[in-house]
Amino acid sequence: MIGRYLVKRLATTLVIFFVILNFQFLFLWVLNPINPVQWVMDPNFTPEVAATLARNYGIDQPLYVQYYKYLSNMLTLNLGVSFRTQRPVSESLIDYLPYTLALVLTAMIFQIIIGITIGLYAASKRGKLIDIFATGSGLLMYATPSFLVLLLFRYVFAEQLGWFPVIGTIFSSPNNIALYLGEYLYRIALPVITLVCIGFGSWAFYTRNLSIDVLTQDYIQTARAKGTDGKKVMLKHVFPAILPPIVTRIVISFPEILFGSIVTEYIFTWKGIGWWYMNSIWTGDYPSAQALFYIFTILLLVGNLLADVLYGFLDPRVRVGTRR
Amino acid sequence: MGAIGIKLKIMRARISGFWQEYRRSKVGIIGLLMIVGFVFVAVFGPSIAPYNPDTEMLAAPVSMPECMTMLPGNANLPRSLTFDVKWAAESNDAFKLQLKEDGGLAKMLKRDKVNVYSILFESGSTEETECKTVFNFSYNYGPPESFKCSFRWRVLNLSQAGYNLELYLTRYNENGTEAYSLWDSNFGPGSPQESEAYLYYFDIPGLPAGFPKYVELGSGREILYKKRLNFSSEESFLDQTFFSGDYSLTFRVRVKPESANSTFEAQIFDFNFNTLGTVHGLLGTDDKGRDIFSRILYGARISLVVGLLVATLSTSLALLVGAISGYLGGIIDEISMRTVDLLLCLPLLPLLILTALMFNRDLYIAMTLIVLMSWMAGARMIRSQVLTIRESPYVEAAVATGCSRPYILRTHILPNVLPLAFSYMILTVPSAILIEASLSFLGLGDPSLVTWGRIINEAMKGGALTSHAWWWLFSPGIAIVLVCIGFVFVSHAFDGIINPKLKARQ
């Protein structure tokens, strides 16, 4: 059963991937009111230069040739050359990506650990202060734009108190590994702390609601009746039961947190891919912006696929055939 | 009639039953009140806003809110004051001062009426005569950011006399008086008889555009004034002359008639005299001197439109797709669910950003995209609910009795998924508001609209972080949070009713 499920899911994903590629070609290449020649066009250019540019970008060729080229470029991750730096986009990606991954992964790990702990604790203490805290922070963070919290933390801790640097990624030369690491930690600390404060609430809320659902099940009653203490019930019975949806959510939310880094990096000038994306937008660096958009899409696609697959593995109840 | 009446009755009973239950949730009531307040502000905001959101220089750039003057040490901060200048005659009784309506002038200026102060003088000799009109006022704050004085004058110089006009400011202090000439002009016989004068002192570099007629800092006239007042060019004019104390503003006319027994009339009108303070209104001003409170009030409407429109449209779409694909199943179901999978793989914020770059930064384009990208979760949810309902015995009974598909969809399925759809709609409002705010915050919102996100973007770009203008940076954000929390609260209370599992089971 699980094999069929996997094959079907994989096939769907491939179809979706193909459709998205076509959509991007249509949206970014055909419908885009600004064609690649105009991107770099200067009023001083002579028609000959414009023609050369058109030839370079393949605009002068029939649409199906452009389509073929576009597809093959995208599939081979040949993402073009940045207008601004004249470097291949994939090279810049390798420069920027580690910063974002460091930020996003660290923040995510702390968010999840803190959130799940609070959520489990809140579920075991219904109606107590910790429960109100978990529910409250979950609801509050749903209603709060992340940029507001990020600005608040930057304002209070970087601008007013001066505990943290204002500008993110400016590092001295990495001669001394210990020094470099120290500076890295010093500069990444505030964005990570802020992201954790923004994110843990929803994890706590989610975990709490899942756990409460589980806690009403009969087998929990049985465990309780056998005299298992509360902590053990939470860890041995509730936690394993809520693990599949939580793992799924982790996988699904990873790409989303990655897009969230657009705002984070914009505010903290943390030069990862989110900052790069905004910078490409502002400077009109279309190849970089398009490539990043493509990568974001692939990440979402892979994230969704992985989540479904993991869910299939973790939760044996998932079957394809439930749909008639 | 009867059937409709019964249906209405059932509906009313349902709603009142729901309300009875809803009323018990404190959070729900608070949320409802917040939403009502928000809708009120959104509808009436423009009429209760104290200023036009785009009027610049209401006060100094980045002025503090007025409540900040309650903090120790801030009591003396300069307010923006507009003096109602009422002239009084001083010194001799050689002239008559009167306030009158001038019909001819009104016609000339194409206005309903113009009030002029007329200084009428009849000379008995050819000696130079001085007429002074005075306006006394006291100023009780610290040096203002700038003060502005503008007026128009004209002279009905029947005798073709030579004359001199001067406006000066006198300060009374313990050492006596100090006078500062603000403006003066000499006119020989036959000089221009009508003109306007503007004086403008602005104490910080970088005067905003729009005041071309005023004396600008660093301009030749400003240096001239400083020279006359014996200030060095680095000294601030206002710090030296304008602080708490009693002042008088004097308009002096000196006439040297050509012949005895001639009349001379000087008129001053449209006299504006105001100071720009560094404290302003409820929430201060932004870097262009615009009233932040009014801007926030205007922004509420856009947030409401975005939130409600997006939520309604995307929920309708979700309901349509979810109900039809869940009920009909088969190929329609497969296609719509794959569409859902497909759209879930498009990143919304990056897509909105890219669209803003490629096409116009239009609110409606952004809203359309948000609608198209936010119905999928709802459709999935509604579809699974429809699948459950479809299997329920009463629907099977309806099928067995030969009810048509549209009938079952209408009478059995829709009423049962409506609460779910409604709850989805309530939660879509804040997420639509937040995504629009994020887009505006990144500087990619509609450039013609004052939105909350845009105010925060301007605050960040305008240096609110470094100038510690927290009221500018955070008040629009607090507005966003309050509105969204209202909807989240209502949704929380609502979910408690339609999904009793979540309700506290003690």
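Y99(A) sits in helix α5 of chain A, which spans residues 89–124. Helices here are DSSP runs of H or I with at least four residues, and strands are runs of E with at least two, numbered from the N terminus. The model is predicted: local features need pLDDT of at least 70, side-chain atom pairs count only at pLDDT 80 or more, and totals for chains, interfaces and linings use all residues. Residues are numbered from 1 along each chain as its sequence is written, while chains are lettered from A and ligands numbered from 1 in the order in which they are written.

Y99(A) is buried, because 23 other C-beta atoms lie within 10 Å. A residue counts as buried with 20 or more such atoms within 10 Å, exposed with 12 or fewer, and partly exposed in between; C-beta atoms are placed from the backbone. Y266(A) is 167 residues from Y99(A) along the chain, and their C-alpha atoms are separated by 13 Å.

The largest nonpolar core has 138 residues. Such a core joins buried Ala, Val, Leu, Ile, Met, Phe, Trp, Tyr and Cys residues through C-beta atoms within 7 Å. Helix α6 of chain B (residues 292–328) gives the most to this core, with 17 residues. L292(A) is among the residues with the most contacts inside the core. Apart from this core lies another, of 24 residues, including Y117(B) and W153(B).

In chain B, strand β4 (residues 115–122) pairs with strand β3 (residues 95–101) in the antiparallel sense over seven bridges. Pairing requires at least two DSSP bridges between the strands. K100(B) has V116(B) as its bridge partner in β4(B). β4(B) also pairs with strand β11 (residues 263–276) of chain B, antiparallel over seven bridges. There, I119(B) stands opposite A266(B).
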